[in-house]
Amino acid sequence: MALTPQKLADLRQDYSLRGLDLCDIDPDPIVQFQRWLAEAHSNDLIEPNAMTLATVDATGQPWSRTVLLKVCDVRGFAFFTNYMGTKASHLEAEPRAALTFWWSAMERQVNVTGRVHKTSREESEAYFTSRPLASQLGAWASPQSSTLANREELELSFEQQKKRFEGLSIPCPEQWGGFRLAPERIEFWQGRRSRLHDRLRFERAPEGWTITRLAP
Ligand SMILES: Cc1cc2nc3c(=O)[nH]c(=O)nc-3n(C[C@H](O)[C@H](O)[C@H](O)COP(=O)(O)O)c2cc1C
């Protein structure tokens, strides 16, 4: 049954778990992010590495979808995908993007913006090899973001790839690999009572990272 308009309008949560102050935060935003990600993971959140990736198309229209963060280090935030899909075509033409993590049980959000480039072929292949067999076959079977006549077409393609690679190690498809977003801005958001949330934003400057507090 659908939510009534009133029920939907009344859905809200007051946040009260904790605050976020300059003294709580590591001066390196990647270290701070890794700390929050580890806390989200130890809170048993499902896929704490899921993030919303926003890209823009040639007309300036923003698009967004969820992808999984697979590497996070000083170089930035990396995910893996099909290089022929919609997000990849956006990133080829406009290599700037935004990421959002929302960890509801922690009442925390992280927003990241920056420039994106492809991971090296070696890194993409190393990650591809670490994936479960079915995911490897899926990468061969699915022409991501293109139109399918029906579900059977996809399942047939999967079965064909399964036969093709039976008993063989599955190579990383040419059209599959990673992108890494090198952060220029990282904002940490902690929900607080009465919508007076804490927001601390790091911005990359020539001399290092600056931190500012923003109104919620
Ligand atoms: C939890 C979750 C994780 C996902 N992880 C990935 C991922 O790591 N890589 C990917 O290509 N698609 C992933 N997807 C699917 C994407 O959201 C999206 O449907 C797909 O990449 C096609 O996007 P595009 O047409 O904009 O290129 C994920 C979806 C969900 C719900």
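Modeller: Helices (H or I, at least four residues) and strands (E, at least two) are DSSP runs, numbered from the N terminus, and the protein chain has six helices and nine strands. What you see is a predicted model, in which local features need pLDDT of at least 70 and side-chain atom pairs count only at pLDDT 80 or more, while totals for chains, interfaces and linings use all residues. Residues are numbered from 1 along each chain as its sequence is written.

Biologist: Which elements supply at least two residues each of the shell around the ligand?

Modeller: They are β2 (62-68), β4 (76-82) and α3 (86-93), and β2 gives the largest share, five residues. Of the 15 residues around the ligand, the ones that come nearest are Thr81, Gly85, Thr86, Lys87 and Ser145.

Biologist: What makes up the shell around the ligand by class?

Modeller: The shell has six nonpolar, six polar and three charged residues, where Ala, Val, Leu, Ile, Met, Phe, Trp, Tyr, Cys and Pro count as nonpolar, Asp, Glu, Lys and Arg as charged, and the others, Gly among them, as polar.

Biologist: Why is Ser194 called exposed, and why is Glu107 called partly exposed?

Modeller: Ser194 has 9 other C-beta atoms within 10 Å, which falls under the limit of 12 or fewer, so Ser194 is exposed. Glu107 has 18, which lies in between, so Glu107 is partly exposed. Ser194 is found in the loop between β7 and β8, and Glu107 lies in the loop between β5 and β6. Phi of Ser194 is near 55°, a positive value in a residue other than glycine, and phi of Glu107 is likewise near 55°.

Biologist: Which residues touch the most other members of the largest nonpolar core?

Modeller: A nonpolar core is a set of buried Ala, Val, Leu, Ile, Met, Phe, Trp, Tyr and Cys residues joined through C-beta atoms within 7 Å. In the largest one, of 26 residues, Phe77, Ala97, Leu99, Val110, Val112, Phe179 and Leu181 touch the most other members. The strand β7 gives the most to this core, with five residues. Across the protein chain, 24% of the 216 residues count as buried.

Biologist: How do you know how α5 and α6 are placed?

Modeller: Two packed helices are described by the angle between their axes and the distance between the axes. Axes are lines fitted to C-alpha atoms, for helices over the stretch in contact, with angles from 0 to 180 degrees between N-to-C directions. For α5 (residues 133-141) and α6 (residues 151-164), the axes come within 9 Å and cross at roughly 115°. In this pair, Leu137, Gly138, Trp140 and Ala141 of α5 meet Leu154, Ser157, Phe158, Gln161 and Lys162 of α6. By class, that contact has five nonpolar, three polar and one charged residues.

Notes: A residue is near a molecule or strand if its C-beta atom, placed from the backbone, lies within 6 Å of it. Two residues are in contact if their C-beta atoms, placed from the backbone, lie within 7 Å. A residue is buried if 20 or more other C-beta atoms lie within 10 Å of its own, exposed if 12 or fewer, and partly exposed in between; C-beta atoms are placed from the backbone.
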